Amino acid sequence: MDTNYKINLSIVFFMFCSLATFAQPALNDQQIEQKVDALLKKMTLREKVGQLNQLKGNYSTDIYEQNIDLNEAIKRGEVGALTPYTNLDQMRKWQELAVDSSRLGIPMLYGADVIHGYRTIFPAPIGQASSWDMKKIQNAERIAAVEATAAGLMWNFTPMLDIARDPRWGRVMEGGGEDPYLVSQIARARVRGIQGDDLSKPNTMMATAKHFAAYGRAEGGQEYNSTEVSERTLREIYLPPFKAAQEEGIACMMNGFNAINGIPATANEFLLKQVLRKEWKFKGFMVSDANSIYELIPHGYAANKKEAAYKAFTAGSDTDLWANVYMEYLPELVKEGYIDEKDIDASVRKILIYKYKMGLFDHPYQYFNKKRFKKEIFTKAHKQASLELAEESMVLLKNENQTLPITKKAKKIALMGPLVNSREFKDLIGNWTGFSKPEDAIMLDQGFKDVKAKDQEIIFSQACEAWGKCPDALMDEAVEIAKKSDFIVLALGEQGYNSGECGSRADITLPGNQEELIERIAALNKPFAVLVMAGRPMVLTSVIDKIPALLYCWQPGTMAGEAIANLVFGKKSPSAKLPMTLPYALGQVPIYYNKLSSGRPKLDPKDKRWGLNSWSDVPNEPLFAFGHGLTYSKFEYGPLKVNKTTFGPEDTLEVSCTVKNTGNYDTDEITQLYIRDIAASVARPVKELKGFERFSLKKGEQKEVKFTLTLDDLKYWNDKMNFDVEDGTFRIMVGPASDNVQEVTVELKGYKSFFSKNVQ
Ligand code: BGC
């Protein structure tokens with residue numbers, strides 16, 4: 001029973017009851033199982049399949065033109081979950097239909113994409129990843145969950161955990177970049193933030209790890225494209241973040257749209273049964289991606305909807321997001337004997353267990369609380385958290401002669417470029433922000449006005465278009481303004497909608513005539529800085545030498561203008577580091593730091609000899625490497641120390657070095673630890689991230705940064721596809737970026753030697 005019904009009782013009794021209602025201990029697993037058993041016995045086959053059916057609340061007709069009368073379907077018990085896209089009143093009405101007017105009164109789940117905040121928008125996930133700050137990322141998700149649950153949602157289609165090595169892919173903005181270790185840590189933080197410690201609380205919600213799996217490897221970075229990936233690379237690079245989410249107790253995973261080695265992820269038995277259920281023992285449920293069960297037909301993997309339903313279900317996709325194909329065909333498939341009803345029961349069981357865990361049967365309306373909706377969304381504290389994470393998310397890639405921060409000496413500051421004040425295309429808040437209000441976001445012009453010193457003047461100019469060519473007069477005018485200014489800031493990049501789903505681009509240079517603007521401003525020989533707003537790493541090589549200072553802002557969210565101004569005017573120092581490589585040339589893509597060596601490695605970038613693993617026209621190195629990022633301060637690294645240079649399988653290797661802030665700013669540093677297994681049963685990457693620490697140091701302060709490594713940290717998928725390691729030499733590397741490390745070598749002995757393994 002919902003607390004609302006107790007209103008007519010005395011105040012004391014009311015308080016007692018409401019406290020008791022929410023303080024009531026959640027059901028334990030055994031009690032839940034018993035309830036689910038009992039309920040399953042009462043359900044008809046159609047009602048069971050109804051639990052596996054998720055529809056959209058805003059249209060009764062979807063893109064595949066199915067006419068579904070939503071209200072009637074709910075009353076028949078044929079809608080297990082809804083993606084609502086509407087207000088609390090309507091959401092409550094639909095839930096009332098499910099609870100009061102369907103035969104068994106099973107409440108529905110409401111799920112949607114709250115990718116980087118509900119209404120208070122945090123930086124795009126790729127920006128959040130640049131902070132390497134797990135506490136703040138967790139907190140951002142906590143806040144997003146508080147807001148989303150106050151708005152009636154109880155299931156979040158996030159976190160997106162696709163590793164991406166190709167910046168042409170638009171969905172790079174939704175993920176944590178290229179590294180499996182970093183993204184795994186982020187996965188854990190996000191799941192903790194969204195689900196909290198108890199799903200039955202009214203402000204926690206179920207999380208969804210997506211897109212399972214290897215969607216980020218879409219060939220050529222083209223949206224929805226297929227993926228070819230070896231099992232080893234799949235397991236080492238693409239799967240670990242999902243495993244981490246599973247270990248954190250995530251409730252749900254979502255399929256990818258891609259085919260993997262010819263088999264669409266939605267019907268991929270190897271992934272869904274072998275890996276997820278058999279090996280990982282995942283207990284949550286697997287939802288398809290939007291219409292992805294139907295899409296088995298255009299994939300060429302099913303001849304019709306019935307075959308699509310059969311293949312997706314028997315491969316292990318529990319629920320159908322928006323295609324209504326399960327509802328149409330699973331009952332028939334059971335009756336005809338193609339599918340065993342017990343298997344339907346097994347999938348329904350997973351859904352019902354979560355409905356119980358969330359307390360939905362007792363409190364089906366607990367998420368439709370208007371008081372919470374008014375009080376808990378877009379609060380001052382939430383905006384402050386968004387501001388702090390935004391400040392930590394922007395990467396200072398270049399800062400020649402300390403061009404930034406802008407000093408008080410600069411009296412006239414020109415702020416120009418198409419992204420100075422652009423709400424329409426969500427350039428500063430980014431894609432996947434459907435619940436935000438464009439007017440909420442602080443644009444750059446506002447932020448600069450608020451943060452500048454009193455005697456500083458800011459002059460604005462659009463200067464050029466973000467997309468397409470601009471009239472000459474617009475740029476001429478901007479150049480004239482720049483000539484009269486002491487400092488120029490260019491706000492450039494991509495529009496919000498240029499990345500995200502269907503935001504793949506074959507050309508990832510600055511669009512329109514933004515490069516021309518940089519050239520014309522550079523020709524004035526005045527100090528200037530470029531801000532790049534983008535949902536992906538871009539290729540900036542042709543202009544980089546002309547840019548004295550470059551702050552890579554990604555899409556900073558609601559507080560964008562203020563956060564950027566705080567960094568540009570030096571109220572705070574930038575402190576972020578790249579979670580994804582910025583290529584030197586598009587032809588280098590896919591490019592990532594943890595590549596394999598080759599038989600002819602080019603060890604010295606200056607080595608021009610023929611016959612090395614290299615490009616003949618561009619360098620091997622990226623423009624900016626994974627892990628790179630500057631601050632306004634300076635950090636000096638002391639010598640790298642290890643507690644032992646030879647260690648056995650039971651030993652713990654302790655790695656440490658001192659880091660000293662020798663500059664003039666109090667700020668944070670992010671120290672990274674990489675390893676390389678020098679010779680193994682399969683070739684190993686030249687570097688693999690195995691640890692990092694973000695910490696604050698006041699100017700003059702120093703700290704001993706310590707990491708520990710055990711045997712498990714060295715393991716990899718070996719020649720027999722076992723997760724293991726052999727004795728041998730390992731390079732341990734520590735530093736401020738993947739291309740700036742000190743190293744020591746250590747020897748693993750006494751575990752498994754190559755010769756004893758092979759000559760027995
Ligand atoms: C996306 C998913 C998303 C779903 C529902 C799909 O197009 O791939 O990431 O959760 O739509 O909005």
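This is a predicted model: local features need pLDDT of at least 70, side-chain atom pairs count only at pLDDT 80 or more; totals for chains, interfaces and linings use all residues.

Residues are numbered from 1 along each chain as its sequence is written, and side-chain values use heavy atoms, leaving out hydrogens and water.

Switch to cartoon: you'll find 24 helices and 27 strands, taken as DSSP runs (H or I, at least four residues, for helices; E, at least two, for strands). The radius of gyration is 27 Å, close to the 27 Å from the globule rule for 760 residues, so the protein is as compact as a globular protein of that length. That radius is taken over C-alpha atoms, and the rule is 2.2 Å times the number of residues to the power 0.38. Draw a box along the principal axes and the C-alpha atoms fill roughly 75 × 75 × 55 Å.

Now colour by burial: 60% of the 760 residues count as buried, meaning under 20% relative accessible area with a 1.4 Å probe, protein chains only.

Next, show contacts (heavy atoms within 4.5 Å). Of those with a separation of 6 or more, 78% join residues 24 or more positions apart.

Last stop: select the cysteines. How many disulfides does a search of the whole structure find? It finds 0, counting pairs of cysteine sulfur atoms within 2.5 Å. Zoom in on Cys-464, whose closest cysteine sulfur, in Cys-470, is 5.2 Å away, too far for a bond. Cys-464 is buried, at 0% relative accessible area. Then hop to Cys-657, also buried, at 1%.

Methods: Buried means under 20% relative accessible area, exposed over 50%, partly exposed in between (1.4 Å probe, protein chains only).
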